[in-house]
Amino acid sequence: MAIWQVALNLVKKDDYIDFSSPTFESSLKIIDDIFPATKSWCKTIMQYGSLDSTCLEIDTDDNEAISLRVDLRSISKDQLQTLCSFAKENDLFIKYNDTIYECSFDTFLSIFKESNANRFLLDPEAFLNEMKTEY
């Protein structure tokens, strides 16, 4: 994962994600329009978007979460709205740092503002110097 990406998961609150439901399959078409499907590094993972940018990964062997990495250098408002619509259609929540959040545009923005990726983008030198002193 790149330092300018924020990694989080989309999860159901008390249930598994049914990847074969008509609603889920229909909502993937909207995702594919914004983040085109690409060849995955693993045969059980459906990948939308590019690994070096914003990327949604669905591991068909794991119905508990969908992995999402958001590239803060290039994510657009329309792309975030699409992710929010996808999550809401499928009753998904954001899981970030072991906390579950309602999926909304404002939640994404709040997570991004607090992220190491944002700290790096705002001042790479200070961020890397801080990281160097921690290790």
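This is a predicted model: local features need pLDDT of at least 70, side-chain atom pairs count only at pLDDT 80 or more; totals for chains, interfaces and linings use all residues.
Residues are numbered from 1 along each chain as its sequence is written.

Helices (H or I, at least four residues) and strands (E, at least two) are DSSP runs, numbered from the N terminus. Two strands pair if DSSP finds at least two bridges between them. Seven strands form an open sheet here, in the order 2-3-4-5-1-6-7, and the pairing is antiparallel. Which strands sit at the edges? They are strand 2 (37-38) and strand 7 (99-101), and each pairs on one side only.

Now follow the pairs within the sheet. Strand 3 (residues 45-49) pairs with strand 4 in the antiparallel sense, over five bridges. Within this pair, G49 has C55 of strand 4 as its bridge partner. A hairpin of five residues joins strand 3 to strand 4. Strand 4 then pairs with strand 5, again antiparallel, over three bridges. There L56 has L68 of strand 5 as its bridge partner. Another hairpin leads from strand 4 to strand 5 through five residues.

How enclosed is strand 4? Four of its five residues are buried, so strand 4 is largely enclosed by the rest of the structure. Buried means under 20% relative accessible area, exposed means over 50%, and partly exposed lies in between (1.4 Å probe, protein chains only).

Strand 5 (residues 65-71) also pairs with strand 1 (residues 5-11). Seven bridges join these two strands, which run antiparallel. V6 stands opposite V70 in strand 5.

W4 is partly exposed, with a relative accessible area of 25%. W4 and A117 are 113 residues apart in sequence, yet their C-alpha atoms are 4.4 Å apart in space. Contact means heavy atoms within 4.5 Å. Leaving out residues up to four places away in sequence, W4 touches D52, V70, D71, L72, R73, A117, F120 and L121.

Turn to the helices. Helix 1 (residues 22-34) and helix 2 (residues 77-89) pack at an angle of about 175°, with axes 10 Å apart. That angle makes helix 1 roughly antiparallel to helix 2. Axes are lines fitted to C-alpha atoms, for helices over the stretch in contact, and angles run from 0 to 180 degrees between N-to-C directions. Angles under 35 degrees count as roughly parallel, over 145 as roughly antiparallel, 65 to 115 as roughly perpendicular and the rest as oblique.

Which residues make the contact? Helix 1 supplies T23, F24, S27, L28, I30, I31 and I34, and helix 2 supplies Q79, T82, L83, F86 and E89. Seven of the residues in this contact are nonpolar, four are polar and one is charged. Ala, Val, Leu, Ile, Met, Phe, Trp, Tyr, Cys and Pro count as nonpolar, Asp, Glu, Lys and Arg as charged, and the others, Gly among them, as polar.

Next come the charged pairs. Side chains of opposite charge can pair when their charged atoms come close. A salt bridge is a side-chain nitrogen of Lys or Arg within 4 Å of a carboxyl oxygen of Asp or Glu. By this rule there are three salt bridges.

R69 lies in strand 5 and E57 in strand 4 (residues 55-59), so the pair ties together parts that are 12 residues apart in sequence. Both R69 and E57 are buried.

Another links D71 and R73 (2.8 Å, N to O). D71 is buried, at 0% relative accessibility, whereas R73 is partly exposed at 48%.

E130 and R119 also meet in a salt bridge (2.5 Å, N to O). E130 belongs to helix 5 (residues 124-134) and R119 to helix 4 (residues 116-122), so this pair ties together parts that are 11 residues apart in sequence. E130 is partly exposed at 35% relative accessibility, and R119 is partly exposed at 30%.

Finish at a loop. Most residues other than glycine have a negative phi. N97 is not a glycine, yet its phi is positive, about 50°. N97 lies in the loop between strand 6 (93-96) and strand 7. At 62% relative accessibility, N97 is exposed. D98 is found in the loop between strand 6 and strand 7. D98 has a positive phi of about 65°, although it is not a glycine. At 70% relative accessibility, D98 counts as exposed.

Notes: Side-chain values use heavy atoms; hydrogens and water are left out.
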